[in-house]
Amino acid sequence: MKKNLFIPFIGLFILAICAFYYFNQAPSQKLEAKQVPPVLFEAKDFYKNELIDTQNLGDFYIINFFASWCKPCLAEHPLLMELQSKGIKIIGVNFRDDEDNFIDWIEENGNPFEYIIRDDGSIAYEMGLIGVPETYFINNKIIQKKIQGPLFYEDIETYL
Amino acid sequence: MKILKLTSNFLLVIFLLSLFSIGYSNENKLNDYFKTIRCLVCEGQSINESDTEFAINLREQIKIKTNSGMSIKEINQELIEIYGEQISFNPSKNHFLLWLMPLILVLVILMFIRNKLKFFYKK
Amino acid sequence: MISNLGNFFLFFSLFSITLFYTGWSKKIFTSDKVFLNLIYVTSASPFLVLVIGFAISDYTVLNIFQNSYIDDPIFYKVTSAWGSHEGSILLWIFLINMYGIFFLKTNNNKEIHKQIIFISSLFILYLLISSNPFQKIELDTTLEGLGLNPILQHLLFIIHPPTLFLGYIGLIIPFVLASHILISKNFSKDLFNQMLLWSKLSWFFLTFGIVLGSYWAYSELGWGGWWFWDPVENISLIPWLLNTALIHSLQVSIKSNQLKLWSLNLALYSFIAAVFGTFLVRSNLIVSVHSFASDPLRGLFLIMIIAYLFIVTLRLNIKSVNYFNQDTFKIMSKETFLLLNNIFFIAAALTVLVGTIYPLFSEIIYNSSVSIGAPYYNFAFNLLMAPIILLMAFAPQIKWGEHKKKNNQTFYIIAISIVITAIVYYLLGNIFFALSVFITMPLFIKSFLVFFKKISKDRGFFAQWLAHLSIGLFIVAAVYTEQFDYEKNITFEKGDSNEIVLNEGASLLLENIKDSDLSNHQKISVDLIVVEKNLKYSLSPSKNIYQPSGQVTNEVSTVNRYFDQYYATISMIESDKVSINLVYKPFINLLWISSILLVFSIFLSIIKRK
């Protein structure tokens with residue numbers, strides 16, 4: 001007898017779950033302790049033409065993916081310059097870009113990076129890049145935080 | 001006899017018409033795999049259909065990896081480690097509720113009507 | 001003016017509905033029928049007002065400004081009325097009330113109509129509070145409008161959503177009828193017959209709407225795909241499956257007075273499924289290509305409407321506790337087959353539902369977002385549908401209430417099917433296609449035999465025969481096209497040959513690249529020819545750049561080849577090279593033909609009653 005009530009109850013239950021989820025949408029930025037993939041250190045810096053010196057980098061550094069064809073990258077550029085001025089080391093990874101465009105972009109806007117690596121997409125793949133710009137904060141070889149999209153002042157104030 | 005003859009003629013016609021269609025069954029293995037990988041910056045598309053940099057890059061990188069000898073299974077495993085479960089449209093077998101759902105549903109419904117079934121057995 | 005008129009109608013409808021509900025309407029018009037007609041007309045009018053607003057490009061209305069462009073062809077201007085979320089909810093309200101008017105002609109039971117106008121009022125409240133299309137804009141009115149999204153500027157876009165909505169909302173009549181039957185405990189055949197007619201009507205529109213949407217995706221989106229298990233597609237499939245089960249179950253209820261509670265509950269859940277699906281997609285809970293921009297209030301209201309419908313269903317089922325287990329039928333009768341049919345269709349609908357909302361659960365429980373797509377549905381859904389297709393071959397010929405006698409014919413049909421399947425597998429080497437042949441072959445053979453036996457029977461028989469046969473053809477075409485299709489990306493470089501070999505026997509020839517200016521867009525097209533020994537097939541895909549947004553769309557070009565199609569889009573165009581995406585879809589035309597046959601057969605089954 002009670003079996004026909006089963007469905008409406010289940011239905012209301014599902015509805016309640018949907019409602020709960022709907023009003024509690026939290027951005028899920030859970031990141032297990034991931035290491036920086038070694039492929040990053042197998043590439044040569046574009047200007048210095050040598051591998052990245054990990055001793056020089058220190059414990060804390062930032063990896064920033066950018067491209068000349070990416071408008072939000074230009075928007076966050078001043079923040080990168082400010083980070084550099086405070087002595088924070090940033091590795092810039094130029095993602096799938098035309099070489100001339102990339103050189104022009106750096107020359108026009110300034111170079112906030114300690115090292116620049118050109119990437120055909122393989123480094124991005126190993127990092128799990130969603131799209132440019134994307135910034136990773138590294139401490140003791142582990143990725144502490146990942147920011148998808150352009151940086152805002154709140155994101156970097158603690159580091160300044 | 002007449003009916004059998006008609007049937008066989010009819011089926012023959014369908015069969016012959018189907019011959020006009022060219023079959024390319026095994027050429028698209030990679031494309032078929034791309035259709036199971038989700039484009040994370042799109043709204044529900046797979047990387048096979050999307051033209052975003054994300055999708056294009058993934059297609060290229062996967063192609064390079066297959067050329068270097070990695071199997072699709074290995075590539076898939078690696079992708080999931082890097083990007084998380086959401087990258088694959090093929091949920092892992094750990095989500096057993098999902099994969100057993102057809103069976104569960106049929107059983108649940110049969111449970112609902114077990115009174116009727118009892119009647120069948122009496123017969 | 002438009003804005004004020006629209007709002008006036010909305011408020012006036014709510015007012016009239018309240019009058020009717022409280023009984024005060026009797027003081028104005030003694031005839032309920034007249035007052036109901038008044039309510040329906042008043043509630044349907046706001047939509048027409050909005051359409052007029054779009055036609056005259058009244059940009060003082062925010063919604064009109066956001067969704068059309070002064071130089072759009074008038075056709076698209078008008079149809080943009082339902083392109084936005086607000087407009088589409090208004091269309092819902094319009095259709096609920098149009099159904100009300102027509103239903104009033106066949107059944108003027110006051111209680112039933114009270115429920116219809118109540119549901120209508122819920123949607124009107126929803127509209128007024130959170131998504132009012134008549135919101136005014138305070139800016140300067142020498143504006144040109146923001147333009148309709150170019151992807152939506154397509155003939156099919158005009159017909160697809162309204163057709164689907166006609167299907168979804170049509171399910172309200174079976175809902176209120178079932179509700180009434182359960183409350184009044186009046187299990188009359190006449191009411192069940194009414195339910196059947198209106199269910200068939202919704203089914204016609206739902207099927208047609210889904211086919212249109214599928215064809216629209218195929219011809220617009222450039223991937224050769226026609227079904228993506230996208231959440232919005234799934235939420236149109238769930239009511240469709242329940243609707244199909246409902247129609248078959250109603251046959252049992254009418255012909256042999258069994259499975260009544262099944263039919264009634266199916267009627268209730270079909271409508272709930274339609275409304276729930278709408279909520280799921282508009283609230284942005286599930287990400288899909290069809291997502292509308294979201295606002296929290298929208299979701300809340302729809303949740304409340306759905307909760308109301310579930311509570312009604314709950315209440316009705318509590319009340320009807322005594323009508324269970326009254327069914328008795330023989331084991332090998334048509335009733336059994338149709339009961340199995342109900343079971344499998346409902347299981348299939350639930351599977352699609354589970355697949356669609358599972359990502360939500362996964363996030364809450366496992367804290368990890370899972371993606372569910374074709375691999376899952378191809379397994380789960382096809383698994384559940386396969387037995388039905390096999391049963392479908394034999395069920396129509398089994399008698400009501402009788403125990404089916406043992407028959408050699410069945411054995412021979414299965415045997416022949418196995419042989420043919422083996423041959424197909426041997427020749428084509430594809431297990432999935434071979435399986436699809438196996439489950440549909442009994443249907444084809446049986447259809448053939450039956451046709452010659454009952455050649456000039458009534459239209460009803462023919463409609464059912466055609467419907468089942470077209471499903472069989474559809475399955476064969478669908479599996480074949482997905483297993484044997486072929487996709488290639490071809491680049492032509494300046495200075496190199498303009499003919500590139502595709503495979504042995506065919507090559508692609510680049511003929512010309514054209515640039516032209518049309519009313520609201522610039523068009524760059526590439527003329528191609530697929531050359532196959534003696535035959536030539538022309539294709540002309542293009543890129544369109546729209547005003548005023550600057551948005552670029554890729555226009556697909558197709559050409560027919562017997563039952564197959566070649567399908568091309570431009571993937572990249574630069575000054576020195578052009579890349580073309582060429583897809584070959586074998587049997588795809590058979591897929592569309594069988595879909596249209598199915599829709600036609602439903603149409604036949606409706607008119608044969610009148």
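Modeller: Let's start with a definition: helices (H or I, at least four residues) and strands (E, at least two) are DSSP runs, numbered from the N terminus. This is a predicted model, where local features need pLDDT of at least 70, side-chain atom pairs count only at pLDDT 80 or more, and totals for chains, interfaces and linings use all residues. Residues are numbered from 1 along each chain as its sequence is written, while chains are lettered from A and ligands numbered from 1 in the order in which they are written.

Colleague: How many helices and strands are there in chain A?

Modeller: Chain A has 6 helices and 6 strands, in the order α-β-α-β-α-β-α-β-α-β-β-α. Chain B has 6 helices and 0 strands.

Colleague: What share of the residues in chain B is buried?

Modeller: A residue is buried if 20 or more other C-beta atoms, placed from the backbone, lie within 10 Å of its own. In chain B, 23% of the 123 residues are buried; for chain A, the figure is 29% of 160 residues.

Colleague: And how do I read a pair of helices?

Modeller: Two packed helices are described by the angle between their axes and the distance between the axes. Axes are lines fitted to C-alpha atoms over the stretch in contact, with angles from 0 to 180 degrees between N-to-C directions; two residues are in contact if their C-beta atoms, placed from the backbone, lie within 7 Å. In chain C, α14 (residues 374-394) and α16 (residues 431-453) pack at about 15°, their axes 8 Å apart. So α14(C) is roughly parallel to α16(C), a word for angles under 35 degrees.

How values were computed
Buried ≥ 20, exposed ≤ 12 C-beta atoms within 10 Å, placed from the backbone. Parallel < 35°, antiparallel > 145°, perpendicular 65-115°, else oblique.
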